[in-house]
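Visitor: Please walk me through how to read this model. Let us take one feature at a time.

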Amino acid sequence: MKMCLLVTSVLLVLGFPFVMTSVVDSFSTCNNFFFEEEPPEIEGVLENSVSQDNNRYKLICQKYESDYRFATLFDTIAKIPLFSAYKYTGHQENKPHIRWMMEPQLEPLDGTMSEPGTNQASQEDYWNEKKLNRGHLFPNGHAPDEITAESTFTLTNAVPQMITFNSGSWRAMEQNVRDYMDSNCRDQYNANSILAYVLTGAVPGSLG
């Protein structure tokens, strides 16, 4: 039996669904998604659960349908998440049919009108680059229920991936990791329950 660790403003914009999550000062708000409630230490980025550059690195407790579903560290300069962290407790089979959402709290809060995507990726970033699509860090296929699966469809949980990679070896890796956790990861307090702490990260790259 083993437990596993795997590593207020209102915007009026038409055509962009928003997810009402929480940009927080500390991951202590949702530290239950990290092993032993301890987020990783990243020098100059994240230390003691606090962003070391709050103008660039934003801590997001991803809240959907009234509950926190996972946690994300987001880079507003690169416009990608550095990581998403979640608890794996089993999975449901159905892929949600839901539009990708944006995080309104990452947009400018100075009262000025702005195009969505100032501090985060937008749908156009993917439409304009035909080789790329949106790759989940917290995969919807690792969600325990349909509502949590829906919550993963936020652009703050997605990184640009080559289409062939996202639908090929990355997809296979997600399934292999899921199968491993189903077979090997158990809650130390309940041997009949699956439990793993997963943190999936990304770094900026290039198409070259």
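Guide: Start with glutamate 36. Its relative accessible area is 61%, so glutamate 36 counts as exposed. Exposed means over 50% relative accessible area, buried under 20%, and partly exposed in between, with a 1.4 Å probe and protein chains only. This is a predicted model: local features need pLDDT of at least 70, side-chain atom pairs count only at pLDDT 80 or more, and totals for chains, interfaces and linings use all residues. Residues are numbered from 1 along each chain as its sequence is written, and side-chain values use heavy atoms, with hydrogens and water left out.

Visitor: Where is glutamate 36 found?

Guide: Glutamate 36 is in the loop between β2 (22-24) and β3 (46-47). Strands (E, at least two residues) and helices (H or I, at least four) are DSSP runs, numbered from the N terminus. The protein has 12 strands and four helices.

Visitor: How should I read phi?

Guide: Most residues other than glycine have a negative phi. Glutamate 36 has a positive phi of about 55 degrees. Glutamate 65 also has a positive value, near 50 degrees. Glutamate 65 is found in the loop between β5 (57-64) and β6 (67-75). Lysine 79 takes a positive phi near 60 degrees in the hairpin of β6 and β7, with four residues between the strands.

Visitor: In which sense do β6 and β7 pair?

Guide: Two strands pair if DSSP finds at least two bridges between them. β6 and β7 are antiparallel over five bridges. Alanine 71 stands opposite alanine 85 in β7. β7 also pairs with β12 (residues 196-201), antiparallel over six bridges. There, tyrosine 86 stands opposite valine 198.

Visitor: How many residues of β7 are buried?

Guide: Eight of the nine residues in β7 (residues 80-88) are buried. Across the protein, buried residues make up 44% of the 208 residues.
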